[in-house]
Amino acid sequence: MKTLYFRIVVQTILIMVLASVIAFLLSNVYYHQVLKPYNGEKISKVAREIVSLYEENPNQDIDAYLNHVSGLHYQLYLINEQGKATSYGKPFHQTDLDGDTVSDVLNGKVYEGIETYNNGLFITGFFEDALENSIGVPLNVDGEKYALFVRPDIEKQFGEIRFFLAVLLVLMILLSFFFIIFNTRFLVKPITKLTEATKRIADGDYSGELNVTRGDEIGDLAKHFSKMTQSIQRLEDMRQEFVSNVSHEIQSPLASIQGFSQTLQSEELTKEKRKEYLSIIEKESRRMSAMSKQLLILASLDKGDDPLQRTSFDLAQQIRQVLFMLEWSWREKDMVIEMDLPSTMISADEKLLIQVWTNLITNSIKYSESGGSIIIRIKKIGRMVEVIIKDTGMGIADEELPHIFERFYKVDKMRNRSENGSGIGLSITKKTVELHGGTIAVQSELGEGSTFYVRLPLM
């Protein structure tokens, strides 16, 4: 299997090679379109200067003069009318030249061989040591016509620079490959750590930490991965705690039902005792049924899809309906209900919100003494509506407040379980409010009661 490290190295090298080839081709186009004509014109000017300087001093020896010029790193080739050729400086490797071209130069024309020399697409033609790749100019020596062909001696003029450029190119390629291999290992290292961490998480180990301090995208990925690992660990802890709590909550009523069922088999029980035990069994069964319903509600709310079935209704009318359903509970405790419920239309899931108000008002009744009071108000705040439910009950300690919306958390752990409920009602309440885009908050003081603030978006 090809690793990411291997792929990045190979792909980077291929990109470098491809970029070099494209750059070489573009450079050749630039040479043929711009540099080649310019170079031909420059050497043509040099050739005419050579002829002009000789014609200014015609008495000097032509061979000595041209030998002197060739010493300036030029290749010279002199042809007379009889076709006799003399080479000065480094000899041309190829001296083949069309006879008509020589005749034209002898008759006064300039041969622009560097510009017209056809050697294909590549710049390597600049280094072709051929007579065709030169400049030809006419020259008169003692009344006799000559054709003088000139081109620079590339090996002498650019010998050192060519060696320098060759060494530079080789070093650039080798160092580039080295740094690519080194940098890719540095780049892939955190990804390797992420892979190892993923394997550990797959095996259920969430304890490993990623020591990645980079500030780029990979660093961000590592940070988000660490956060995800912590979230998964919290979810796993919550799952285990959830299973433990559910098992514990179910075990209690099941033990009661089992114990009283066995007791009912005794023939010595009085009719009153038998009736009392059957009532307890019925009560525990109802408790288990209510808990099952709440767990189903909580499971549906935890799904990723939106479980809400929104309709438009009057919030004030809904809260009055809940108070009517719970009337026997608060009248039994001789409680006073104060209401300030102006008509307020909202768009929400009516069934789920009934559960919210039922949970909150039921808790207020349950934890209030006889003769207490509950105040329920509705008021609009901008585009939100706030429902305030305040009671005069036992209150909640400061250290308990941050946990009351956690699943299976019970504030009054010393109370009888049948009275204290399952501990998931407020979790359902908070989840429902948040799904509607709202918020829920609580203020409480021991012995002074509690106040819940629920904010929901208006229509």
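Student: Which residues does Ser70 touch, leaving out those up to four places away in sequence?

Tutor: Ser70 touches Leu76, Tyr88 and Gly89, where contact means heavy atoms within 4.5 Å. A caution: this is a predicted model, in which local features need pLDDT of at least 70, side-chain atom pairs count only at pLDDT 80 or more, and totals for chains, interfaces and linings use all residues. Residues are numbered from 1 along each chain as its sequence is written, and side-chain values use heavy atoms, leaving out hydrogens and water.

Student: Why is Ser70 called buried?

Tutor: Buried means under 20% relative accessible area, exposed over 50%, partly exposed in between (1.4 Å probe, protein chains only). Ser70 has 10% relative accessibility, so it counts as buried.

Student: And where is Ser70 found?

Tutor: In helix α2, residues 62-70. Helices (H or I, at least four residues) and strands (E, at least two) are DSSP runs, numbered from the N terminus.

Student: What is the strand order in the open sheet of 5 strands?

Tutor: The order is β7-β9-β10-β12-β11, with mixed pairing.

Student: What makes β7 and β11 edge strands?

Tutor: β7 (336-340) and β11 (439-445) each have a single partner strand, so one side of each lacks a neighbour in the sheet.

Student: How do you know that β11 pairs with β12?

Tutor: Two strands pair if DSSP finds at least two bridges between them. Here 7 bridges join β11 to β12 (residues 449-457), so they pair, running antiparallel. Thr439 stands opposite Arg455 in β12.
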